[in-house]
Protein chains: 2
Amino acid sequence: MRAWRGFLAASALVNRHLDQQLKDDSGLSHPQYEILVRLAAAPRNELRMTELANGLINSKSGLTYQVTQMEKAGLVQRRSCPSDVRGVFAVLTEAGRARLEEAAPGHVSAVREALIDVLTPAQLEAIADGLGEVSRRLREQG
Amino acid sequence: MRAWRGFLAASALVNRHLDQQLKDDSGLSHPQYEILVRLAAAPRNELRMTELANGLINSKSGLTYQVTQMEKAGLVQRRSCPSDVRGVFAVLTEAGRARLEEAAPGHVSAVREALIDVLTPAQLEAIADGLGEVSRRLREQG
DNA sequence: GGATGGCGGTTCGAATTTGAACAACCCCCT
DNA sequence: AGGGGGTTGTTCAAATTCGAACCGCCATCC
């Protein structure tokens with residue numbers, strides 16, 4: 001049960017810490033940063049709303065809200081899908097890419113400082129394998 | 001970075017999964033459950049608001065909100081501190097204890113099923129040690 | 001004593017999140 | 001053709017969260 005308590009506390013504290021760091025550093029919330037990262041990694045820098053929502057944590061309506069905010073801020077753009085009238089792509093704009101590239105280094109180093117550097121290589125390996133498996137199971141089951 | 005992605009995903013998915021399980025099973029939110037657990041573990045089943053807020057994740061105002069909700073539901077009670085007029089204790093009520101004892105088994109087994117049983121003993125050890133250390137550092141530094 | 005700085009908790013407004021309901025649509029089957 | 005069943009994204013109200021401002025009070029220093 002020590003692992004459970006540790007996981008719970010670390011999960012909350014790390015998320016909180018990085019939210020803060022990200023907001024102070026670049027004015028992005030963590031969800032918004034995640035959206036930018038995923039779009040930047042996607043082919044053509046665009047993804048269907050549903051794909052974004054699946055990869056992320058929040059509900060569909062939460063995603064709609066965030067994308068609307070980011071569209072107002074000029075970081076992404078909506079584009080309707082030609083083959084399916086219902087479908088909507090979120091596309092990364094030039095400004096969005098720039099914003100991400102500006103925010104990423106600070107965020108990455110914060111992650112490194114808070115998490116990576118604290119752990120031994122063996123612990124990192126165990127966490128990557130173990131928690132990866134945990135995620136996979138919850139995903140396919142949930 | 002694999003560890004980072006795994007941690008991030010697991011953190012979100014596990015929290016979400018357990019929130020859900022807890023709400024379906026006993027009508028408690030995760031924050032509320034945590035409050036009950038801490039009070040039940042405290043001497044005399046009571047804690048100062050600030051102590052609760054420190055142990056938990058949310059802000060002071062968030063705690064005020066939750067305790068108010070739980071007081072309406074009869075799970076806790078406020079008691080002013082005799083030696084410091086400003087201070088407020090949150091006290092676990094009999095109903096609160098009963099509610100916790102009713103919710104705990106299901107929650108514990110959900111935790112076990114989602115997390116503990118998926119990991120090897122070595123992984124559990126690494127997570128307990130590593131993430132414990134991560135938490136400790138963030139706490140004393142934050 | 002009496003100011004002064006800081007703490008403990010609440011209140012307030014704004015931002016975010018959620019689940020359920022909704023409207024429009026695709027796919028498959030007959 | 002045409003009708004279910006499931007999907008897609010949005011809208012809505014309600015719940016929760018946060019940060020900043022605030023009030024009342026302790027403690028300490030002059």
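User: Helices are taken here as DSSP runs of H or I with at least four residues, numbered from the N terminus. In which helix of chain A does A:Gly106 lie?

Analyst: The model is a predicted one, and in it A:Gly106 and A:Ser26 are 80 residues apart in sequence and 8.9 Å apart in space, counted from C-alpha to C-alpha. When its neighbours within four places in sequence are left aside, A:Gly106 is in contact with A:Gln21 and A:Asp25. The helix in which A:Gly106 itself lies is α5 of chain A.

User: Are α2(A) and α5(A) roughly parallel or roughly perpendicular to each other?

Analyst: The axes of helix α2 (residues 30-41) and helix α5 (residues 94-114) of chain A come within 10 Å and cross at roughly 115°. Angles from 65 to 115 degrees count as roughly perpendicular. The two helices, α2(A) and α5(A), are therefore roughly perpendicular.

User: How many residues are nonpolar in the contact of α2(A) with α5(A)?

Analyst: The crossing in which α2(A) passes α5(A) is left-handed. On the α2(A) side stand A:His30, A:Tyr33, A:Leu36, A:Val37 and A:Ala40, and they meet A:Gly96, A:Arg97, A:Leu100, A:Ala103, A:Ala104 and A:His107 of α5(A). Of the residues in this contact, one is charged, three are polar, and the nonpolar ones number seven.

User: What pattern does chain A follow when read along the sequence?

Analyst: Chain A has six helices and three strands, and its C-alpha atoms fill a box of roughly 50 × 35 × 25 Å along the principal axes. Read along the sequence, these elements follow the pattern α-α-β-α-α-β-β-α-α.

User: Which residue is the bridge partner of A:Gln77 in β3(A)?

Analyst: In chain A, three strands form an open sheet with antiparallel pairing, in the order β1-β3-β2. The strands β1 (46-48) and β2 (76-80) stand at the edges with a single partner strand each, so one side of each is left without a neighbour in the sheet. Strand β2(A) pairs with β3 (residues 88-92) of chain A over five bridges, in the antiparallel sense. Within β3(A), the bridge partner of A:Gln77 is A:Val91.

User: Which residue in β3(B) stands opposite B:Arg48?

Analyst: The open sheet of chain B has three strands in the order β1-β3-β2 with antiparallel pairing, and β1 (46-48) and β2 (76-80) are its edge strands. Between β1(B) and strand β3 (residues 88-92) of chain B, the antiparallel pairing runs over three bridges. The residue in β3(B) that stands opposite B:Arg48 is B:Phe89.

User: About what angle does the direction of helix α2 of chain B make with that of β3(B)?

Analyst: Helix α2 (residues 30-41) of chain B packs on the sheet and touches β1, β2 and β3 of that chain. The direction of this helix makes with that of β3(B) an angle of about 90°.

User: At roughly what angle do the axes of α2(B) and α4(B) cross?

Analyst: B:Pro31, B:Gln32, B:Ile35 and B:Leu36 in α2(B) meet B:Leu63, B:Gln66, B:Gln69 and B:Met70 in α4(B), and the residues of this contact divide into five nonpolar, three polar and no charged. The two helices are roughly perpendicular to each other. The axes of α2(B) and helix α4 (residues 60-72) of chain B come within 11 Å and cross at roughly 80°.

User: Which residue of chain B comes closest to the rotation axis?

Analyst: Chain B is superposed on chain A, with an RMSD of 0.1 Å, by a rotation of 180° with 0.0 Å of shift along its axis. That is the relation of a two-fold axis. At a C-alpha distance of 2.8 Å, the residue of chain B that comes closest to this axis is B:Ser11.

Terms used. Residues are numbered from 1 along each chain as its sequence is written. Chains are lettered from A and ligands numbered from 1 in the order in which they are written. This is a predicted model: local features need pLDDT of at least 70, side-chain atom pairs count only at pLDDT 80 or more; totals for chains, interfaces and linings use all residues. Side-chain values use heavy atoms; hydrogens and water are left out. Axes are lines fitted to C-alpha atoms, for helices over the stretch in contact, and angles run from 0 to 180 degrees between N-to-C directions. Angles under 35 degrees count as roughly parallel, over 145 as roughly antiparallel, 65 to 115 as roughly perpendicular and the rest as oblique. A crossing is left-handed if the near helix is turned anticlockwise from the far one by less than a right angle, and right-handed if clockwise. Contact means heavy atoms within 4.5 Å. Ala, Val, Leu, Ile, Met, Phe, Trp, Tyr, Cys and Pro count as nonpolar, Asp, Glu, Lys and Arg as charged, and the others, Gly among them, as polar. Two strands pair if DSSP finds at least two bridges between them. Copies are superposed by least squares on the C-alpha atoms of residues with pLDDT of at least 70 in both.
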